[in-house]
Amino acid sequence: MNWLRFSALVAAAAAFLGIIVWSSGVDPVAALRSGFTGALGTPYGVSDTLQRMTPLLLSGLGVAVGLRAGLFNIGVEGQLLVGALAAAAAAILLKGMPGWLHITLCLAAGGAAGVLWALPAGLIKVWRGGHEVITTIMMNYIALNFTKYIAANPFKDPSAQIATTVQIPNSTRLPDLGGSLHINAGLILAVLLAAGLAWWMKRTVVGYELKAVGANVDAAVAAGVNVPRTIVLAMALSGAFAGLAGAVQVCGYEYRFYDGISPGYGFDALAVALIALASPLPIIATAFIFGALAQGVQSAQVATDLPKEIAMVAQGIIILVAAAVGWQRFRRPS
Amino acid sequence: MVGITKRFGRLTACDQVDLSVEKGQTHAIVGENGAGKTTLMRVLYSVYQPDEGSIEVDGKQVRFRNPSEAIAAGIGMVSQHYSIIPQLSCLDNLMLGAEAMAGPLLDRSTATARADSLAQRMGFRFDWKAPASTLTPAACQKLEILKLLWRNSEILILDEPTAMLSPPDAAVLFNNLQLLAREGKTILLVTHRLREVIDYCDRVTVMRGGKRVAECDVADTDVDRLTNWIVGEDLRPKSDLDGRQAGKTVLTMKDLVIHGDRGERAINGLDLDLRAGEIAGIAGVDGNGQSELFEALVGIRAIQSGIARLGQDDLGQESTSRRLAAGLRFIPADRHRYGLIEDWSLLDNSVLGLHRLPPFAKRGLLRPQEVGKAALEEMEAFRIMADSVRTRAGDLSGGNQQRLIVARALHQPPAVLIAFQPCRGLDVRGTLAVYDSIRAECDRGMAALVISFDLDELLEYCEPIYVLRDGRLVAELRGLEIDRERIGRLMIGLEGAAA
């Protein structure tokens, strides 16, 4: 019966999608074909898909850490933005050190900025009982406008027409590992961190307690878990992943910070993490799928004159269906 | 119900069970944990669909797809764990799903009137505007029963309704159930307390291993015969209260004051010395400070004044985690809320609370081999029935969940065990097993403090017995002083004014 419902849902969504695409004057089948080819059909396409996957994976891990502790960190987007700006600042302002140290400092600055941006939500929740969904959303607005101001004023590249910093030095760029897929070191780092997080949650006492708080906070208290400390830690860790996502975006792909650097990675990450049931290793897969989806929709748009708005609607519907299916099963074993 | 069979994977929970109940009767269903009682009731209430067999109500074959259809047909069930929503008021909980309406709006004044009359009929009293979070477990149970009446249920299924009730409360409940039966309601009662069956029921069905092994009129049987049917063998005679020598004091409480949720002095000057080797029992009617005392000892409620000392440690200064490390162990009354993480496996639950202690953790890392070993040992020692250690704790039967909690509390020999209703939901054999284990640990020097609303259990297994009333211990009874009648009088305040 569940499969029947599932198939009906997918069929209905596909039909709806087809009608929308068709009504904008584009052949849905051609759009689908070009989307598929664009995302997965060529080495160039796969390379782009992998690039889009990277920030989704890192920020998805951030969302997941929060979810496992019972926290809905909607602020991943804002944490990602300040992380990106901090990494760019570290790359541009720091000087006179070996490249490997400089890159490390840039990534650390990004992670630290993410932590800084996430901490208020954790502390407010623990001290005053304020809900993290509200506080992180507010922090998102502050991050968005604050980073925009910095990129448009004190830190602006004087020669540019838009709000952007100058490019970061070559020595602070995460290397492309070559090959036809141009896999970036940032992606490797993200995958390693996913594995590390999975191990950490499974094997460490603190990870065990974090999951206990998320699964049954009363039982966790009775088992001697320090819940306030665990909540603050989970929020900080969540922010660290988000900030690192921003830093990798700057050091691995964009080489500068500019207003609009994130098309909403932090929000897509919510779906990425939820569909993977907040498990780190499955998030690698969902991040890849979401990356392919975004890349495919853009390819279809370029190849078939599909209006950008319709392409966005299509992507939204697919995410909605995926989330509906994933949410239904969001009951986590340990 | 004819030929009901229900399987869960390899387990056949109900095997060709027949059950027929006459209108206006009170019909008891008894059996060990895992005998299939609750499963059978859930099939009737359509939480589960039977794999085989059929159900007839008033001579007509019926098939409900879900509990809402069963409710609409007049079948209501109160399960072992309550469905009360703490944030809603008592009134809103009562009418949830069958709200009194005036046009599109809730009609709370009509509802309150009807609620009052229902409560009066049952001899209960409720502050309908108070949030349900302020209710004691016993009051929740009462509210659940009123919910059935609110929905005009004709067939009432009660799964262990008295597990959380004190003897006077249970007596009130049964008197009112008899009243309902005389009005023509049919009552199905799942219980472990055979006394209740003999005293209040008309007919009884005994289940064992998923099969119906006996059904007869209560008038034709007695407790011993029922016990033999239930376990299928003669239990060894209950062990006597042995003349064990109590050791030195390990837990001291002096002039303890603990506030309740509304700031009242729920525990108001309590003194108690617990000695190694003792199984001390605290008797009392629910709501006299039991939960507050337990929570303060666990460390999730503050001690306002006075002293609770474990050996040399002042408990007021220690976190729950430090108390656990010092050898204090707890068995909470509410296993779903405090005892287990139901979405986790038996394996992961088996060290919850012990997880920071050696050998389960070393330098911040969990040690899977040790955890796995502990889970298997706990399963074996307490005969926890589960497919494997990977089984989700929430999928275990209530009795097996309780065994897991007890097994975990006793896994590493504790210094002091604080047990709040430790045998809630356990059958004769399970209760015996729990107390056998507690006694074995006490012989090795553990001290146990049992807080329970089940006076029979305390009388059977504990000495000394304290009586808790209005936040104070009004009596300490030992040896020949222990007398059922007298304790009953002390509990309800007919004797022994609080000093």
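In this predicted model, P464(B) is placed in the loop between α16 (455-461) and β23 of chain B. The peptide bond that joins E463(B) to P464(B) is cis, with omega of about 0°. P359(B) has its place in the loop between α12 (346-349) and β19 (361-362) of chain B. Most peptide bonds are trans, and most residues other than glycine have a negative phi.

Phi is the next point of interest. D58(B) is not a glycine, yet its phi is positive, about 50°. This residue is found in the loop between β4 (52-57) and β5 (60-62) of chain B. D58(B) counts as exposed because 10 other C-beta atoms lie within 10 Å, and the limit for an exposed residue is 12 or fewer. In chain A, D305(A) likewise is not a glycine and has a positive phi, of about 60°. D305(A) lies in the loop between α12 (280-304) and α13 (308-328) of chain A. D305(A) has 11 C-beta neighbours inside 10 Å and therefore counts as exposed.

G281(B) has V450(B) in β22(B) as its bridge partner.

Another open sheet of chain B has four strands in the order β14-β13-β16-β17, and its pairing is antiparallel. Its edge strands, β14 (265-275) and β17 (313-314) of chain B, each pair on one side only. Strand β13 (residues 249-259) of chain B pairs with strand β16 (residues 305-310) of chain B in the antiparallel sense, over five bridges. In β16(B), A308(B) is the bridge partner of M253(B).

Parallel pairing is found around strand β9 (residues 155-159) of chain B. Four bridges connect β9(B) with strand β6 (residues 75-78) of chain B, and the two run parallel; V78(B) is there the bridge partner of L158(B). β9(B) also runs parallel to strand β10 (residues 186-190) of chain B, with five bridges between them, and I155(B) stands opposite T186(B) in β10(B). Strand β9(B) is mostly covered, since five of its five residues are buried. Both of its faces are covered: I155(B), I157(B) and D159(B) are buried on one side, L156(B) and L158(B) on the other.

In helix α2 (residues 28-41) of chain A, the buried residues are P28(A), A31(A), S34(A), G35(A), G38(A) and A39(A). Seen down the axis of α2(A), these buried residues fall within an arc of 135°, so they line one face of the helix. An α-helix has 3.6 residues a turn, so residues three or four places apart point the same way. The axes of helix α7 (residues 185-203) of chain A and helix α8 (residues 205-215) of chain A come within 5 Å and cross at roughly 80°, which makes α7(A) roughly perpendicular to α8(A). In this contact W200(A), M201(A), K202(A) and R203(A) of α7(A) meet G207(A), L210(A) and K211(A) of α8(A). By class, three of the residues in the contact are nonpolar, one is polar and three are charged.

Finally, the two chains meet in a contact that takes 26 residues from chain B and 19 residues from chain A. On the side of chain B that touches chain A, the elements giving two or more residues are α10 (320-325), α11 (335-339) and β20 (365-366) of chain B. By class, this side of chain B has 13 nonpolar, eight polar and five charged residues.

Terms used
Residues numbered from 1 in each chain as written. Chains lettered and ligands numbered in written order. Predicted model: local features only at pLDDT ≥ 70, side-chain atom pairs only at ≥ 80, totals over all residues. Buried ≥ 20, exposed ≤ 12 C-beta atoms within 10 Å, placed from the backbone. Arc of directions from axis to C-beta. Pairing = 2+ DSSP bridges. Contact = placed C-beta atoms within 7 Å. Nonpolar A, V, L, I, M, F, W, Y, C, P; charged D, E, K, R; others polar. Axes fitted to C-alpha atoms, helices over the stretch in contact; angles between N-to-C directions. Parallel < 35°, antiparallel > 145°, perpendicular 65-115°, else oblique.
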